[in-house]
Protein chains: 2
Amino acid sequence: MSEKKSFHMSPEEFRKYGRAVVDWIADYYENIESFPVLSRAEPGQLRASLPSQPPVHGEAFEAILKDVNTLILPGITHWQSPNFFAFFPANASCPAILGELLSAGLGVQGMLWATSPACTELETHVLDWMADMIGLPGKFKSDSAGGGVIQDSASGAALCALLAARERATGYESNRVGCTGRLVVYTSSQTHSSVEKGVKVAGFGSDNLRVIEVDEKFALRPDVLASQIRKDRDAGLIPCFVCATVGTTSSNAIDPVAEIGRLCKQEGLWLHVDAAMSGTAAICPEYRHIHEGLEFADSYCFNPHKWMFTNFDCDCFFVADRAALIKTLSILPEYLKNKATESGAVIDYRDWHIPLGRRFRSLKLWFVIRHYGVEGLRRHVRQHVELAQNFVKWVQADERFELAAPAPLNLVCFRHKAGDAFNQKLVEKLNQSGKLYLTHTLLKNQYIIRFCIAQTYTEERHVREAWRQIQETADALEKS
Amino acid sequence: MSEKKSFHMSPEEFRKYGRAVVDWIADYYENIESFPVLSRAEPGQLRASLPSQPPVHGEAFEAILKDVNTLILPGITHWQSPNFFAFFPANASCPAILGELLSAGLGVQGMLWATSPACTELETHVLDWMADMIGLPGKFKSDSAGGGVIQDSASGAALCALLAARERATGYESNRVGCTGRLVVYTSSQTHSSVEKGVKVAGFGSDNLRVIEVDEKFALRPDVLASQIRKDRDAGLIPCFVCATVGTTSSNAIDPVAEIGRLCKQEGLWLHVDAAMSGTAAICPEYRHIHEGLEFADSYCFNPHKWMFTNFDCDCFFVADRAALIKTLSILPEYLKNKATESGAVIDYRDWHIPLGRRFRSLKLWFVIRHYGVEGLRRHVRQHVELAQNFVKWVQADERFELAAPAPLNLVCFRHKAGDAFNQKLVEKLNQSGKLYLTHTLLKNQYIIRFCIAQTYTEERHVREAWRQIQETADALEKS
């Protein structure tokens, strides 16, 4: 059989083409500022350039790589450009890319400890490191009753937290009998949409989602939360779950976690804290105060794939009571049974999230932490915050503009005083220029420009130039 | 600011270390047969070798790579070894690894069409290719009312199918009011555990999961399904969802999809078809019959990350009515609004699955299809089936052994006639030898050995040697 032609790439070919892709990526980063940040592709443009049928016979790797340049690249919005100030970032770095490459090369599937012990143990170990690095309470570490796991995203983390809370609130009956329609979930009006999605997915029903109002800084109001919980109890409902946010997506607002947490403790509610982007800041002692109150939390997540130079996907999810999570998500068919699992001495991460299979994602996180060291990570986070705070001053110094929210860290929300239509046009023009990419939100029903500084390679010159572009484009629009 | 020390890896360093990792992987594949397939690491072994605290200062990349060799490698179970016959595989290939590398390098996040048009359009295009390659009905293609999307796993696909079915069955009310506890889900006793997990997650309640018995070939019995549906209707419940499997995990049984499908159509139930491993076989016209009856299906999935040489994670999920899926999972906060979305001319894949963020996973699938071509893929799939059918003959020719189930494709279930304890010991000894890795299941309450031939580099010599090991180990055990 082996004499039949194999179409596999040989190790020698892999060395050759692997180098070609590595060089392609290095070239890409050297030239990345030359591309329009937001892709200018038209809907359907890429599809129109691709053959309608797959190739019958294999093609040369050179031909594929050529198409990456000519067909794919124009359809890329450059998330890794230092001029990317949109959304929350998904910042990558060279060590993370190499960790992802190694993970792809090893190709292990870590659903069970036994299916690659290193995949499980490195993850547990690095998440314990992370817990210390960002100052989480000891209960979230694996030597206590809790522990950490890598999820695909903060959406996945929120869903798992909702499910464990649902089970706990029903005496571990909701998996069996379904959701009662009487469990209530609390967020603020600024909470990420993934929690609403999770409420729907997990069968709570969005009618049972209470959107609590926020204060003038866009932070959840614990007094309103407390009175809503009372109202729901009086109506015979079962308050179950609160999501507090450390750094909301719209404006980077920081909910009063300690106050909310004391209330949750008193009322027996599951407190999940979503620090998807801002959690990274707590690596620096001077920003660690954002994690005040976490001693009251049942679960917590932040995304190294947002602001810690680790390629998407890498959400670090911590629970204080891992037994609650595992009991909620555990499945053990015969074909997965093995001695290590039965010994009870190991973690099987398949019971910590929705999917069964899992990639070796801790490799890239380990590479990032070891390459930068804690001090190196702090250095870059501090630079981003410093750049954002400079940007705040520039906005304040230009009387045509105003800040729209406090900027505690690296996200600046601002607007031109000329109103929504003007700001909308301003964002469009800037994004069309290709020189930078930023996005908007609504705050107090006004169209607000968001400017987030967290891309790996963003330096002072990029922020200065962005502000110059914003001012000049505003000038031109004012005159038109 | 830029004069401050940056800890980022420079493009030149990335070229150097990128080559080192590429060479590491090439070396790994050249030597992979020298490692014990199942890791011999003890619980806690890796963790004991790692420092309890993360490094304060960054380390040299050489030091990290050295630790990969000395610390990580002993904790690897070698999924990419040609002697891996366990579970279902997660088979990778060089073009897929390079696609994953390129995706990591580009670092785009494709939640919206606008956040990288190429990420969305390549995915739609390649999934349309795949639909044709495996002979799916036209309704699953993007030019109809349906379409395909890449999910993390068949678990994710099953959950999304369950959710869309739940919404459809309740007139799109379950997202709002929660799950009623009256919707009923049907699987067979051989259905993958992910459906049971999905039933719990989505709030159906496992009390509302009916596990339908199977025939002597381990395929779901449509007559039993029909009578159970009647019983449930008579009890005032709402039959909602059926999962049929093309190639069950335990024994590769193929449910009678057409017969089940006609019943679902008649009864108004959502039919999901899980072909996670075996769907790939349909690339070959001679095996396409496994997809008979898909014209009745509402959703379908198969995993190129199992048997189509595409690195985990890559599950292709197709729906006949994309509007039902999108309506179920759609969320649109202000900060994600954009002109392309509003135009209605584009797909925003964030509404097609649980997470918001998404990697550029179609790149690796595109690389695989273009590198191998359809004929190249067929060649390797045919070889695996041929090797498995040879193995069947060897089992049948040794009177000590017997087949435990039909082997329609590339999974052989067999046992030594000496009973469960003997077979269990046989599997343990074989796995301890390090020369191969295989796993077990239960069929008709008997301990059965599974032998799955689907690893990228498995050739006839590996299968011959595995059978020799099995026979010799059985000899030794018989004598002991």
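## Basis of the model

Residues are numbered from 1 along each chain as its sequence is written, while chains are lettered from A and ligands numbered from 1 in the order in which they are written. Because the model is predicted, local features need pLDDT of at least 70 and side-chain atom pairs count only at pLDDT 80 or more, whereas totals for chains, interfaces and linings use all residues.

## Domains and symmetry

Chain A is divided into domain 1 (11-34 + 39-76) and domain 2 (91-480), with bounds from an automatic or database domain assignment. The centres of these two domains of chain A, taken over C-alpha atoms, are 32 Å apart.

The superposition is by least squares on the C-alpha atoms of residues with pLDDT of at least 70 in both copies; contact requires C-beta atoms, placed from the backbone, within 7 Å.

## Helix α8 of chain A

Helix α8 (residues 193-201) of chain A is largely enclosed by the rest of the structure, because eight of its nine residues are buried. Among them are Ser194(A), Glu196(A), Lys197(A) and Lys200(A). Here, buried denotes 20 or more other C-beta atoms, placed from the backbone, within 10 Å of the residue's own; exposed denotes 12 or fewer, and partly exposed lies in between. Helices (H or I, at least four residues) and strands (E, at least two) are DSSP runs, numbered from the N terminus. Just after α8(A), Gly203(A) adopts a positive phi of about 80°.

## The sheet of chain B

Seven strands of chain B form an open sheet of mixed pairing, in the order β1-β7-β6-β5-β4-β2-β3. Its edge strands, β1 (147-151) and β3 (209-212) of chain B, each pair on one side only. From one strand to the next, the twist averages 20°. Pairing requires at least two bridges found by DSSP.

Strands β5 (residues 270-274) and β6 (residues 299-302) of chain B pair in the parallel sense over three bridges, and Val273(B) stands opposite Tyr300(B) in β6(B). Ser188(B) is found in strand β2 (residues 183-188) of chain B and counts as buried, with 26 C-beta neighbours inside 10 Å. Beyond residues up to four places away in sequence, Ser188(B) touches residues including Val211(B), Leu220(B) and Asp255(B).

How values were computed
Contact = placed C-beta atoms within 7 Å. Axes fitted to C-alpha atoms, helices over the stretch in contact; angles between N-to-C directions.
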